[in-house]
Amino acid sequence: MVNDLIAGVTAGLRTARRGPYTADIVDMLQALPHAEAADRLVHMPAARAVGVLDRPEFLNAPDVLALLPVPRAARLVAQMAEDRAADVLAAMDGAASAAILAALAPHVRRSLDSLLAWAPDSAGGMMTTEYVAVRDDATVAAVLDHIRTVERSRETVYSVFIVDRVGKLVATVSLRQLISADPAAIALDLARGQEPVAVSPATDRELVAGLIRRHDLLALPVVDDGGRPIGIVTVDDVLDALVAEHTEDAQKFGGVEALDKPYLDTGFTAMIRKRAGWLSVLFLSEMLTASAMQHFESELERAVVLTLFIPLIMSSGGNSGSQATSLIIRALALGQLRLKDWWRVALRELPAGLVLGAILGVVGLARITLWQMLGFYDYGPHWPLIGAIVAAGLVGIVTFGSLAGSMLPFVLQRLGFDPASASAPFVATLVDVTGLVIYFTIALAILSGTLL
C-alpha cells in the first residue's frame, strides 16, 4: 500500500503541470521511515517543503525535521507559520530544537520563544503573532493598501485589528466588511457599537473554541494585560487543537494514558507503560469484587443459582454507568453543563435509572419465567423469588450505575482533574463492586427463611 502511494505521488510529479497536492505528499512522507522522509524533504523545493511541514496532518514532522541538517531545518522553520513552527519545535527533542532555534534570525527566535513559553492547550500556545493591525484613524482604502503590502508575511488575513495610539485593541473588522465598505470611510466606523471579543494568552483552548463558535468568528484576538494584541487564534488552529483534545479524551476514556505519538509510531515500551498503569489500578479495584463475593460466600453455597446471574447484573450496572459518564463528559466539554448543574443532572439520572432498570428487570424476569416454563432450565421450587431478586437487583444496580456514572465527572472536575479520566473501565469497576453488594443484599431480604 505504501509503495502504491509513493508510486502515485511520483507519477503525479512527472505528469502534473503544477505538481501533486501537498496533502498527497504529506501522506507519502507520513508512510515512510523518518530517515527516508527527511531525505526526500531535503531535495524538495523550499516552498514545497515548507507547505508540507505546515500541514498539521504531518504528524512525523518533529522527528523528520530533527534529521535535517541544522541550516536547512532553520531556513524551513523561518518560513513556516509561526504557530505551526512552535508546535513542531515543542514536540522535538530538546537538543535538536535548541540547535534549530540558535540558527534562526534573532527576531524569528524571539517570536518563537514567546509562543513556546505558553502551554500547548492555551490560547498563547495556539496563537500566531502574524496578524494585521492598523490605527483607529485609518480609512478603509488605507487598510486595504496595508493588507496588500503585508499579506505575504501573514499566515491568514481573516480580520484586521484596530488599535488606538497606545496600541490597545479597540475593534476588529472582518475582511468582508472592508471589501464591501466605502473606501473613504473610517475603518473604525464599521465596528461601532461592537466590543471586540478577545482572550488572554492563558485562556484554555476549549474556552477559545467556545467563543469562536458562539460569536461565529474566523479569528480571535489574543491580548496582554493592557489590552494590546499579541497574537491571533484562527478557526483552523482551534479545529486542530480540538481534534488533539478529543483524541486524548477518547484514549483516557478507554482506560489508557494519552499517547504522545500516533499509534504505529509509539514504541513497544512506551505503549506498555501507557497501558499497564491503568490496567493495574483496575485489576486492584476488581479485587474488591472478589472480596464482596467472599463476604457472601455462605449465601452462595446455599443458593448457587444466584451465581448464574452475576455476570448479567454486573454488566448491566457497568453499561448504565458508562452511558451516563460518556453523556456527561461530552456535555461538560461542550459547555452544555457546568459544575453547579450537578444536582439537575442527579434529578434527571435518578428517575432515568429507575425506568431503565425496570425495563431490564422486566426483561430479566420474563427470561427466567420463560426458561422455567419451557423446561430449558430448572431454577428450583423458589424460581419466582429468584426472578424477583434479579428484577429488583437490576432496578437497584442500573439506578446506582446511572447516578454514579453521571456524578463521577463532576467530582473529578471539582477536584481539579480532567473529567475524561472517568474512563468507562473505571466506572464499570466501581459499579461491579457496589452492584454485587446490592444484588446479594436484595437476595438476603427476599430469600430469608427459604433458601437463606
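Helices (H or I, at least four residues) and strands (E, at least two) are DSSP runs, numbered from the N terminus. With that in hand, welcome to this structure. It is a predicted model, in which local features need pLDDT of at least 70, side-chain atom pairs count only at pLDDT 80 or more, and totals for chains, interfaces and linings use all residues. Residues are numbered from 1 along each chain as its sequence is written, and side-chain values use heavy atoms, with hydrogens and water left out.

**Helices that pack together**

Two packed helices are described by the angle between their axes and the distance between the axes. Here, axes are lines fitted to C-alpha atoms, for helices over the stretch in contact, and angles run from 0 to 180 degrees between N-to-C directions.

The axis of helix 17 (residues 310-333) comes within 7 Å of the axis of helix 19, and the two cross at roughly 30°. Angles under 35 degrees count as roughly parallel, over 145 as roughly antiparallel, 65 to 115 as roughly perpendicular and the rest as oblique. Helix 17 and helix 19 are therefore roughly parallel to each other. Helix 18 also packs with helix 19, at an angle of about 155° and with the axes 7 Å apart, so helix 18 and helix 19 are roughly antiparallel.

What is the handedness of the crossing where helix 17 passes helix 19? It is right-handed, and helix 18 passes helix 19 in a right-handed crossing as well. A crossing is left-handed if the near helix is turned anticlockwise from the far one by less than a right angle, and right-handed if clockwise.

**Inside and outside**

Buried means under 20% relative accessible area, exposed over 50%, and partly exposed in between (1.4 Å probe, protein chains only). Helix 7 (residues 82-91) has 7 of its 10 residues buried, so it is largely enclosed by the rest of the structure. Those buried residues are E82, D83, R84, A85, A86, V88 and L89.

L169 sits in strand 3 (residues 169-174) and is buried, at 7% relative accessible area. Its C-alpha atom is 9.0 Å from that of A133, 36 residues away along the chain.

D216, by contrast, is exposed, with a relative accessible area of 72%. This residue belongs to the loop between helix 13 (205-214) and strand 4 (219-223), and it has a positive phi of about 55° although it is not a glycine.

On the surface, L308, L370, M373, L374, F376 and Y377 form a nonpolar patch with about 640 Å² of accessible area together. Of these, L370 lies in helix 18 (residues 342-374) and is partly exposed, at 43%. Patches are made of residues with over 30% relative accessible area and no salt bridge, where like charges are joined within 9 Å and nonpolar side chains (Val, Leu, Ile, Met, Phe, Trp, Tyr) within 5 Å.

**Charged pairs**

Side chains of opposite charge can pair when their charged atoms come close. A salt bridge is a side-chain nitrogen of Lys or Arg within 4 Å of a carboxyl oxygen of Asp or Glu. The structure holds 5 salt bridges, among them these:

| Pair | N to O distance |
|---|---|
| R55 and E57 | 2.9 Å |
| D224 and R228 | 3.3 Å |
| R344 and D341 | 3.7 Å |

R55 is partly exposed at 27%, and so is E57 at 39%. D224 (24%) is partly exposed, as is R228 (38%). D341, at 6% relative accessibility, counts as buried.

Conventions
Areas by Shrake-Rupley, 256 points an atom, 1.4 Å probe, with all protein chains shown as cover.
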